[in-house]
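Let's work through a few exercises together. Have a look at the model first, then try each task before reading its solution.

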Amino acid sequence: MKHLKSFFHGIYGFDGLSCGLLFLSVLINLLTALIPVASVQRWNAVSLIPILICILRFFSHKRYKRDRENQQFMRLLHPFFEYFDRKSQEREQAQIFRFFKCPVCAQKIRVPKGKGKIEITCPKCGNKFIKKT
């Protein structure tokens with residue numbers, strides 16, 4: 001029992017790359033299940049490879065190597081996460097502000113909601129126009 005405790009002490013665990021590997025495995029399984037072509041069915045066994053790598057990473061004691069692999073993976077996916085983060089910020093701001101485009105220069109202008117009809121001055125070109133917020 002002591003040997004088992006010492007084995008589990010210091011394992012790396014689950015991280016972003018492991019999550020990505022599991023997602024890849026599930027995706028391959030779904031595609032092979034939904035496409036009834038014999039050549040695609042052979043890929044079902046391939047879906048076990050990401051799960052095996054995920055398990056090996058989970059029980060690894062080489063924390064530094066696994067952390068570096070995860071950092072590289074997260075750097076690769078950073079633009080993807082940044083896109084969704086920006087979209088969530090825009091949704092949050094849409095609850096408080098209204099967004100208009102200047103009719104002259106197409107500059108995007110943010111105005112507080114619920115102020116009624118107001119005159120908006122474009123900060124870029126100085127054009128003035130009236131809109132209801």
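Helices (H or I, at least four residues) and strands (E, at least two) are DSSP runs, numbered from the N terminus. This is a predicted model, in which local features need pLDDT of at least 70, side-chain atom pairs count only at pLDDT 80 or more, and totals for chains, interfaces and linings use all residues. Residues are numbered from 1 along each chain as its sequence is written, and side-chain values use heavy atoms, with hydrogens and water left out.

**Exercise 1.** Find where glutamate 69 and arginine 66 lie, and how they pair.

*Solution.* Start with the helix: both residues lie in H5, three residues apart, about one turn of the helix. Next, check the contact: they form a salt bridge (a side-chain nitrogen of Lys or Arg within 4 Å of a carboxyl oxygen of Asp or Glu), with the closest N and O atoms 3.0 Å apart. Finally, look at burial, where buried means under 20% relative accessible area, exposed over 50%, and partly exposed in between (1.4 Å probe, protein chains only). Glutamate 69 is partly exposed because its relative accessibility is 28%, whereas arginine 66, at 14%, is buried.

**Exercise 2.** Work out which parts of the chain the salt bridge between arginine 57 and aspartate 15 links.

*Solution.* First, the distance: the closest N and O atoms of arginine 57 and aspartate 15 are 2.5 Å apart. The pair links distant parts of the chain, with arginine 57 in helix H4 (residues 48–58) and aspartate 15 in the loop between H1 (2–8) and H2, 42 residues apart. Then the cover: arginine 57 has 4% relative accessibility, so it counts as buried; aspartate 15, at 11%, is buried too.
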